[in-house]
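User: I have a model open and would like to talk through it with you. Can we go over it piece by piece?

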Amino acid sequence: MVVIANDCVGGELYRLCDEEFKSPFMWTVLPIKDFIELYKNYDNINFKNITYNQTPNYYFSWYMSSLNIDNKVNVYFPHHAKIENNKVFSKFEPVKGQSMCGWDRMDEYIIEHYNRRVDRMVEKPCFIYSQENRNSEDELVELLELANNGYHLIFITSNKELISKYNNCDNIRFLYKEKNEIVQKIQAEAIKNNFIDFVNYK
């Protein structure tokens, strides 16, 4: 399965399903404008045309890695961030709290893993978007309208009006969450239990 998520729920889903990572968007952050651009132009993006950057963290004050993909999409790696003395916070390394490589080699580490997973993106993608408080109504509606005739989309939201309006769309499945709830592992478990066939469509 190829899962593209705007936060860590995608990585959690792969782990729960014990699946090989077939998407480079693992433990990453995609702001909604980039997520929409990726969804809308997925078939026309050259995923091998990338530029590595060191960027102020999308959420916090430290620096982190990011990639610009084909001059269209920015993806952020908040779990690979420079915090002090050129050491790198990396949540998923064998040594908790420290990457196996220094900040000066983080570009090699990110790009190597990214390219390996891009090569595995041969199946149809399923997109997973978890609504954030900063999202505007117009942005959410734009994404849902695109999904009417696009790739499968699992939409995690607390907006009951949007669920009611788009709940009959064949390409969309909704997962309700309470406001301000951010529990990606629980959301991934719900997706596995209820929507795994929807994720693995042909």
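User: To start with a side chain, how exposed is Lys72, in relative accessible area?

Analyst: Keeping in mind that this is a predicted model, Lys72 is partly exposed, with a relative accessible area of 34%. Its side chain meets that of Asp70 in a salt bridge, with 3.0 Å from N to O.

User: How many salt bridges turn up in the whole structure?

Analyst: A search of the whole structure finds seven. One of them is between the side chains of Lys22 and Glu123, at 3.1 Å from N to O.

User: What about Arg116, which residue does it form a salt bridge with?

Analyst: Arg116 forms one with Glu112, and the closest N and O atoms are 3.3 Å apart. Both residues belong to helix H3, where being four residues apart separates them by about one helical turn. Arg116 counts as partly exposed at 36% relative accessibility, and Glu112 also counts as partly exposed, at 47%.

User: Staying with H3, what is its extent, and how far does it reach?

Analyst: H3 covers residues 106–118, which is 13 residues, and it reaches 18 Å from its first C-alpha to its last, close to the 18 Å expected at 1.5 Å a residue.

User: Which of its residues are buried, and where do they sit around the axis?

Analyst: The buried ones are Met106, Tyr109, Ile110, His113, Tyr114, Arg117 and Val118. They cover an arc of only 150° around the axis, which puts them on the same side of H3.

User: How about H4, which residues are buried there?

Analyst: In helix H4, which spans residues 137–147, the buried residues are Glu139, Leu140, Leu143, Leu144 and Ala147. Their arc around the axis is only 130°, and that puts them on the same side of H4.

User: What covers them?

Analyst: The cover over the buried residues of H4 includes H2, S6, S7, helix H5 (160–166) and S8.

User: Changing topic to the sheet: in what order do the strands run, and is the pairing parallel or antiparallel?

Analyst: Four strands form an open sheet in the order S1-S6-S7-S8, with parallel pairing. Its edge strands are S1 (2–5) and S8 (172–176), each of which pairs on one side only. On average, and with direction ignored, neighbouring strands of this sheet are turned by 20° against each other.

User: How many bridges are there between S6 and S7?

Analyst: S6 and S7 (residues 152–157) pair in the parallel sense over five bridges. As one example, the bridge partner of Tyr129 in S7 is Phe155.

User: Which strands does H2 touch when it packs on that sheet?

Analyst: H2 touches S1, S6 and S7, and its direction makes about 160° with that of S6.

User: Now backbone angles: what is the phi of Asp18, and of Trp27?

Analyst: Asp18 has a positive phi of about 55° although it is not a glycine, and Trp27 likewise has a positive phi of about 55° without being a glycine. For context, most residues other than glycine have a negative phi. Asp18 lies in the loop between H1 and H2, and Trp27 is found in the loop between H1 and H2 as well.

User: Are those two buried or exposed?

Analyst: Asp18 counts as exposed at 71% relative accessibility, whereas Trp27 is buried, with a relative accessible area of 7%.

User: Last, the overview: how many helices and strands are there, and how much of the protein is buried?

Analyst: The protein has six helices and eight strands, following the pattern β-α-α-β-β-β-β-α-β-α-β-α-β-α along the sequence. Buried residues make up 53% of its 202 residues. Among contacts with a separation of 6 or more, residues 24 or more positions apart account for 53%.

Terms used:
Residues numbered from 1 in each chain as written. Predicted model: local features only at pLDDT ≥ 70, side-chain atom pairs only at ≥ 80, totals over all residues. Heavy atoms only, no water. Helix = DSSP H or I, 4+ residues; strand = E, 2+ residues; numbered from the N terminus. Expected span 1.5 Å × (residues − 1). Buried < 20%, exposed > 50% of the residue type's maximum accessible area, 1.4 Å probe, protein only. Arc of directions from axis to C-beta. Salt bridge = Lys/Arg side-chain N within 4 Å of Asp/Glu carboxyl O. Pairing = 2+ DSSP bridges. Axes fitted to C-alpha atoms, helices over the stretch in contact; angles between N-to-C directions. Contact = heavy atoms within 4.5 Å.
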